[in-house]
Amino acid sequence: MSDTVQEAGQDEQSVAVSGSEQATDRDSGSTARSEADLVREGDIAGDYLERLLDLLDYDGDIDLDVESGRAVVSVEGGKDLEKLVGSQGEVLEAVQELTRLAVQQETGVRSRLMLDIAGWRANRRDELSDLGRRTAEKVASTGKTQRLRPMSPFERKVVHDAVAAVSGVTSEGEGEPPSRRVVVYRAG
């Protein structure tokens with residue numbers, strides 16, 4: 001398996017969401033981590049995932065990156081990787097949490113790393129961006145508030161970002177996990 005570390009030179013700004021969404025969707029207790037700390041998190045995560053793939057006898061290449069103040073780990077390659085995604089990404093979420101715990105065990109700090117397997121999260125991001133944009137455009141033209149189905153924190157963040165790119169509308173979170181959803185309404 002090949003491990004590559006790419007250091008992102010630019011910071012991406014995340015779109016502000018309501019205070020309750022921030023508290024729910026982000027680890028509000030975490031402090032800013034240096035790029036070196038995030039690269040170390042990625043290395044630890046990569047080692048953990050490499051051992052997991054070896055135990056499962058799955059093929060895959062691990063790519064490490066730093067984006068938007070978090071370590072990003074991608075596993076690409078082998079045909080068996082779809083099994084580590086599961087239906088609607090539920091297995092991926094579990095593997096991500098286990099990987100975060102492995103990093104925390106070694107560093108003593110809660111990790112916010114993002115894991116993608118077989119490109120599922122990247123594809124899902126594209127789908128959700130399109131959903132958020134289409135919903136925002138519909139709300140902008142009709143003025144009718146739209147409530148989307150419940151989503152994970154990752155999914156809600158992507159939708160909020162897409163809605164923020166459309167003028168005249170805004171979004172906020174509503175409800176409690178696991179039933180938390182994005183509500184899009186006309187601004188003003």
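1. Is Thr99 buried or exposed? In this predicted model, Thr99 belongs to helix α3, which spans residues 90–107, and its relative accessible area is 0%, so it counts as buried, the cut-off being under 20%. Apart from neighbours within four places in sequence, the residues in contact with Thr99 are Ala45, Tyr48, Leu49, Leu113 and Leu115.

2. One of those contacts, Leu115, lies in strand β4 (residues 114–117), where Leu115 and Ile117 point one way while Met114 and Asp116 point the other way, all of them being buried. In a regular strand the side chains alternate between the two faces of the sheet.

3. Strand β3 (residues 70–76) runs parallel to β4 and is joined to it by four bridges, with Val75 standing opposite Ile117 of β4.

4. A separate open sheet entry concerns three antiparallel strands in the order β5-β7-β6, of which β5 (146–147) and β6 (169–174) are the edge strands, each pairing on one side only. Six bridges join β6 to β7 (residues 181–186), and Glu174 is placed opposite Arg181 in β7.

5. Helix α4 (residues 120–142) packs on this sheet, touching β5, β6 and β7, and its direction makes about 35 degrees with that of β7. Helix α5 (residues 153–164) lies across β6 and β7, running at about 160 degrees to β6.

6. As for ring interactions, the charged end of Arg121 sits over the ring of Phe154, 4.7 Å from its centre, whereas a search of the whole structure returns zero aromatic pairs.

Terms used: Residues are numbered from 1 along each chain as its sequence is written. This is a predicted model: local features need pLDDT of at least 70, side-chain atom pairs count only at pLDDT 80 or more; totals for chains, interfaces and linings use all residues. Side-chain values use heavy atoms; hydrogens and water are left out. Helices (H or I, at least four residues) and strands (E, at least two) are DSSP runs, numbered from the N terminus. Buried means under 20% relative accessible area, exposed over 50%, partly exposed in between (1.4 Å probe, protein chains only). Contact means heavy atoms within 4.5 Å. Two strands pair if DSSP finds at least two bridges between them. Rings of Phe, Tyr and Trp (its six-membered ring) pair if their centres lie within 6.5 Å; planes under 30 degrees apart count as stacked, over 60 as edge-to-face and the rest as tilted. A charge sits over a ring if NZ of Lys or CZ of Arg is within 6 Å of the ring centre and within 35 degrees of the ring normal. Axes are lines fitted to C-alpha atoms, for helices over the stretch in contact, and angles run from 0 to 180 degrees between N-to-C directions.
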